[in-house]
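Have a look at the view below, and then read on.

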Amino acid sequence: MNPKLPYILLVGAAVIIFILSCMLLSRGRRLPSCESQPSNAQKTRLMNQNLVFADLTPEEMAQVVRYLRANLGVQLVDAFRAKPSDNCIASVDLQVPAKAEVLRFLDAGGARPRREALAVLYFGNQPDPNVTEYVVGPLPTPAYHWDVTVQKYGGKVPYHRRPMLGSEYEQVGVFLETVAFAAAPTFLQEVLEYDSTNVAFQTTAPHGFQSGDRKSWFILFQNVSGFSVHPLGLEVLVDHSSLDISRWAVSRVFYNGQYYRDMIQLESAYVQGRISVEKVRKAPWDGDFSSMKPRAPWAALFPLQYEPQGPRYSIRNNLVLFQAWSFAFGLSVSRGLRLFDIRHKGERVAYEISVQEALSVYGSNCPGGMSTRYMDGSFGLGRYTSPLVRGVDCPYSATYVDTHSLSETLRPSTRKASLCIFEQNLGSPLRRHYSNLQSLYYGGLVNSALVIRSITTVGNYDYVWDFIFYQNGAIEGKVQATGYPSSSFLHGDGLRYGNRLWEHTLGTIHTHFINYKVDLDVGGVKNSLVAHDMAFEMTRAPWSPEQQIERPRLTKKVLDTEDQAAFRLQSKMPRYTYFAANSKNKWGHQRGYRIQITSLAGDHIPEASAMERAISWARYQLAVTRRKEEEPTSTSVYNQNDPWTPTVAFADFINNETITNEDLVAWITTGFLHIPHSEDIPNTVTVGNSVGFLLRPYNYYDLDPSIYSHDGVFFTNEQDFMACEINPLACLPKTASCLPNFPPFTYDGFQNM
């Protein structure tokens, strides 16, 4: 035996023991925390300028309320407890300055526009009850108020058009419990086991069949979790048009397919045995089948997203900066999430992108369901913005922003974490190519985009609103629908109007229509609308004339008028429709931004309908009009309760005006048809219920701007792709091996309800 062998073995064993010891020690050592990298100096001028779009602060709202109470000369009751015959403040929101004034300030060094509020007041305690809108300013110390109602709407807003306050819903509930139900005690006790706490009401809208009506069907459900899929079969039509609550009355009653004059007649028919009773099994408080409590225990944790070197975006007040993007954000009480002054590489591409309305039209063989046409803006897409749950509603590490509003109260309210902003790796390449012909290389770019999100919960439905900013200069507006489906009591021919979801539950067919305002400013304020598409042409092959070739060619058309630019909902639309600038790119093409719509919309309500003009924006998948200050929104919160004489009729915006080389606005409608099915129990998922639009550069740049992204990856077969300077991905084990700084979980969604 070699005498040196034992020593060699000893040395080898020692080396192995040392390596294993190092590995064990390293396993026990805590990884370093992920640290944010120093950010570049922010654009202070841009930050200060964009405050012109900032939502009102709680202090400003409080100042407006104090000013109005001191200067209107009438008593203002807190809307939270107001009767219809009282005067009250319905809402206070930012009055967005005129565009021309803002652009002078942003682009030409003009004076900063005055900061003002828009206050909506209900005047029920006067000889001529009406709704009045005041512009109040200047903030933060108001000194004037102007009645702008006639200027905006061409006349006073009749009082019956006012959106219902929460206090009015409560007053109707008290009326039902103390007056209406008192007339049918036997029926309620024996059929519904009614005890004044075990039923929930859901109202319908609009309230009647003609201007001036305020008659609402109130549908009764079991008062359990997910109540909207627990109908009881009883619906009551309440006439609450009088400002004197004591004069409210029951106009009609519906139970299990039969109509009755009032609750007295229902009680009499029941006592005499002339009613077909359908007893509903009493559900436990958690709703049983409608409970969202998981049916399985927690197991392995789902994947999480983190930022190993901290966020690559920054938020200063209402300004967001992300790579080449910048924009200001805000939240309207009625219309929800909105963006202003959207710039890419320092150049404005859009002045405003905002949600306008969310409409649902229902079908049913029950009166409440068949008469429902919800215009959710009248309830408040911003007012009902939900506090967000970290890790579910948005990534856990997202930035969460509080929002403030003043609606139906004299005091501002704060919704904690009701907006979120995050960068998201979408898990796919934005672009890539693997070359195995001629040269050998790989090039690609991860599709990482910035998302700003809010979620609105209006009654049973939840809308997830996203605006997404991509590295190639594209912007996406997207909405996802979830929440509980609305339902009717299943009876008779109910299956003509939906699917059976449970024993007595009919999931009713309905449409969703979402309207957006997109004020593009492509290469400047003045734009034209151009349509590109394709057509096949037949030609002889030049090298073989006896042969015929069918080849696609490009078609081009400038859409000169608003009528030409109004594309009906189900009509064929040019596949490339874009806002064209007066400037050209390096290759001689007009610089443009293309509008690409993703929609599965159902049919629009027939135009012969008496209420169609109130929702006439839904006639069009796209309508482009001249931008006018007197046409700021496609609809009005007052249209819901008087659609027969709409305060704003979008159809009037389209009057064949020339739209060549003008300041233009695109009004985009997207949506989907929802036929609820058994998988909508316990509630509806977002998968497949997502629609929206894209705004994409079209010859706007000389090449794809994402080529300048720091996230690009490229290597050839001749390079060392394991070297960090060649391929940053090779160093991920080093650069991304850190512990995320996840903040503690908090949630304030159940506070100050």
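Aspartate 341 sits in strand β14, which covers residues 336-344; strands here are DSSP runs of E with at least two residues, helices are runs of H or I with at least four residues, and both are numbered from the N terminus. Although aspartate 341 is not a glycine, its phi is positive, at about 50 degrees. Aspartate 341 is also buried, with a relative accessible area of 1%. Buried means under 20% relative accessible area, exposed means over 50%, and partly exposed lies in between (1.4 Å probe, protein chains only).

Before going further, please keep in mind that this is a predicted model, in which local features need pLDDT of at least 70, side-chain atom pairs count only at pLDDT 80 or more, and totals for chains, interfaces and linings use all residues. Residues are numbered from 1 along each chain as its sequence is written, and side-chain values use heavy atoms, with hydrogens and water left out.

Asparagine 256 is another non-glycine residue with a positive phi, near 45 degrees. Its place is the loop between β9 (249-255) and β10 (258-260), and asparagine 256 is buried, with a relative accessible area of 13%.

Two other loops hold cis peptide bonds. One joins leucine 139 and proline 140, with omega about 20 degrees; proline 140 lies between β3 (130-137) and β4 (144-147). The other joins alanine 205 and proline 206, with omega about 5 degrees, and proline 206 is found in the loop between β6 (199-203) and β7 (215-222).

Now follow strand β29 (residues 576-584), which runs antiparallel to β26 (residues 526-541) and is joined to it by five bridges. Strands count as paired if DSSP finds at least two bridges between them. Tyrosine 576 in β29 is the bridge partner of histidine 532. β29 also pairs with β30 (residues 590-598), again in the antiparallel sense and over five bridges, and lysine 584 stands opposite glutamine 590 in β30. Five residues lie between the strands of this β29 and β30 hairpin, where glycine 588 takes a positive phi near 85 degrees.

Finally, step back to the whole chain. Its secondary structure comes to 10 helices and 34 strands. The C-alpha atoms fill a box of roughly 110 × 75 × 75 Å, taken along the principal axes. Of the 753 residues, 53% count as buried.
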